[in-house]
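Please walk me through this structure in plain terms, chain by chain and then across the contact between the chains.

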Amino acid sequence: MRKELPLLVTILTGLFVIFGHDFAIGEKWQLINSMDKWQSISQAVALLIGAINLTRIHVNHVRRRKAGYIFSLLLLVCMWGYTVLGVIDGYKGVTFRWVYNALLASLDSTIFSLLAFYIASAAYRAFRVRTVEASLLLVSAAIVMLGRAPIGEAIWKGFPDWANWIMRFPNTAAMRAVLIGAYLGSFVTVLRILLGIERAHLGGVGGAGMK
Amino acid sequence: MTWTWTPAAAWVGAIATFACLTYLWAENPVFRAAEHIFVGLASGFGIVGNWDQYIKPTIQTDIMKDGKFIYFIPIIIGLMIYLQYFPKVSWLARYPMSFWVGYGVGYTLAFQPAVLIKQVVDSYGSKFAVTAKGGGIIFTQTLNNVLFWVFLLTALSYFFFTVKRENKLVGWPAWFGRWVIMVGLGAAFGNTVMARISLFIGRLQFLFTYWLQIKI
């Protein structure tokens with residue numbers, strides 16, 4: 001019963017979301033209209049699990065004095081210190097926002113901008129022209145990059161137009177084909193879950209005592 | 001709330017920026033410190049956002065002020081996930097997961113087809129682009145519409161595995177579809193590179209304008 005009942009919960013919740021509006025189930029409590037809120041509240045309450053796991057891992061590093069444990073200590077101080085500051089000062093508090101704008105936003109955008117350098121070396125390895133496909137990848141990427149930068153237009157006025165054409169037609173068509181495939185795949189998966197064939201979400205949670 | 005770069009804030013931002021950029025030279029303790037500070041602050045920001053946007057309003061407004069005690073149920077569902085830390089009752093942690101997966105299943109089946117069907121219908125609409133007065137056909141636009149349709153069909157045929165590729169009816173379109181996908185992926189890659197470079201230019205602009213106070 002420890003697996004069958006949760007499976008029943010999955011199936012009933014799924015059916016409720018699909019048919020709830022048609023049969024006005026739980027109208028007195030406006031159940032179907034508040035399902036989105038139920039979902040977001042329950043997930044918000046559960047989200048702390050990520051922070052707890054991160055804390056457990058880094059507390060272990062500090063306790064065992066693993067190499068670089070000082071960085072783990074730094075992470076814990078920043079995480080819980082910033083959390084306490086946010087709870088006291090408020091999400092829109094002046095100090096909380098100051099740390100966000102001055103430090104967190106700077107770290108965030110610089111770390112992501114680092115990829116501009118590494119993506120270039122990745123491109124060199126990926127795009128070495130060996131096949132027709134690699135050449136197509138290289139040419140379309142080069143046209144889009146040149147079309148999006150002022151230097152491209154300075155070299156040849158046609159680059160922006162060609163970049164736009166590639167983005168509007170081959171790129172949209174290819175991405176739509178991938179998206180349609182992904183949608184069909186997701187429908188098959190959710191049908192498998194709804195029919196009780198797929199049960200992966202019920203296993204592998206918890207310790208050895210979970211049977 | 002408007003944000004202005006005070007000298008202190010600009011210095012903090014500049015030190016953080018340089019600490020991250022040191023990684024371009026090699027992996028080093030300064031970068032590792034910046035990386036750990038980033039993960040810590042980002043996690044803290046997420047926890048506070050979660051508390052402020054969802055948990056606090058639910059308890060303060062919905063339950064205590066409006067008396068909607070039914071919202072205790074999702075709170076209890078969410079709390080049940082923490083039971084996985086207690087081996088004897090860890091199996092109860094399956095219930096919140098079941099609820100979330102069930103909700104996702106229902107949502108996908110009830111609401112996603114509308115998005116998919118609209119995309120499919122739009123892809124197979126009329127290929128003829130006519131002038132505003134309805135008099136003549138715009139040749140380039142019509143050609144582009146037909147090309148888009150060919151690109152989409154051939155790219156879709158690349159994912160069609162029911163018939164073997166030796167069959168020429170499927171083999172040739174799939175072969176061309178592979179090229180279309182490559183062009184599409186190359187364009188997506190080029191766009192990503194440009195987005196990252198824009199971010200880097202943004203950091204340089206910050207350093208010159210707000211830290212060094214040099215007007216560009």
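**Helices within and between two chains**

α2(A) and α4(B) are oblique to each other, a class left over once angles under 35 degrees are called roughly parallel, those over 145 roughly antiparallel and those from 65 to 115 roughly perpendicular. The axes of helix α2 (residues 35-46) of chain A and α4(B) cross at roughly 140° and come within 11 Å. Such axes are lines fitted to C-alpha atoms, for helices over the stretch in contact, and the angles run from 0 to 180 degrees between N-to-C directions. The crossing of α2(A) with α4(B) is left-handed; that term applies if the near helix is turned anticlockwise from the far one by less than a right angle, and right-handed applies if the turn is clockwise.

This is a predicted model, in which local features need pLDDT of at least 70 and side-chain atom pairs count only at pLDDT 80 or more, while totals for chains, interfaces and linings use all residues. Residues are numbered from 1 along each chain as its sequence is written, and chains are lettered from A and ligands numbered from 1 in the order in which they are written.

Which residues meet where α2(A) and α4(B) touch? From α2(A) come Met35(A), Gln39(A), Ser42(A), Gln43(A) and Ala46(A), and from α4(B) come Pro96(B), Phe99(B), Trp100(B) and Tyr103(B). Two residues are in contact if their C-beta atoms, placed from the backbone, lie within 7 Å. By class, the contact of α2(A) with α4(B) holds 6 nonpolar, 3 polar and no charged residues. Here Ala, Val, Leu, Ile, Met, Phe, Trp, Tyr, Cys and Pro count as nonpolar, Asp, Glu, Lys and Arg as charged, and the others, Gly among them, as polar.

The contact of α4(A) with α2(B) has 16 nonpolar, 6 polar and 1 charged residues.

Taken as a whole, the contact between the chains draws 100 residues from chain B and 98 residues from chain A. On the side of chain B that touches chain A, the elements giving two or more residues are α1 (7-21), α2 (29-65), α3 (72-79), α4 (94-123), α5 (139-158) and α6 (168-211) of chain B. The largest share of that side, 23 residues, is from α6(B). By class, the side of chain B that touches chain A has 67 nonpolar, 26 polar and 7 charged residues.

Within chain A, α4(A) also packs against helix α3 (residues 48-63), at an angle of about 145° and with the axes 8 Å apart. The crossing of α3(A) and α4(A) is left-handed. On the α3(A) side the contact is made by Ala51(A), Thr55(A), His58(A), Val59(A), His61(A) and Val62(A), and on the α4(A) side by Tyr69(A), Ser72(A), Leu73(A), Leu75(A), Leu76(A) and Met79(A). These residues divide into 8 nonpolar, 4 polar and no charged.

Chain A has 8 helices and 0 strands, and chain B has 6 helices and 0 strands. Helices (H or I, at least four residues) and strands (E, at least two) are DSSP runs, numbered from the N terminus. The radius of gyration of chain A is 26 Å, whereas a compact globule of 211 residues would have one near 17 Å.

Note on methods: Rg over C-alpha atoms; globule rule 2.2 N^0.38 Å.
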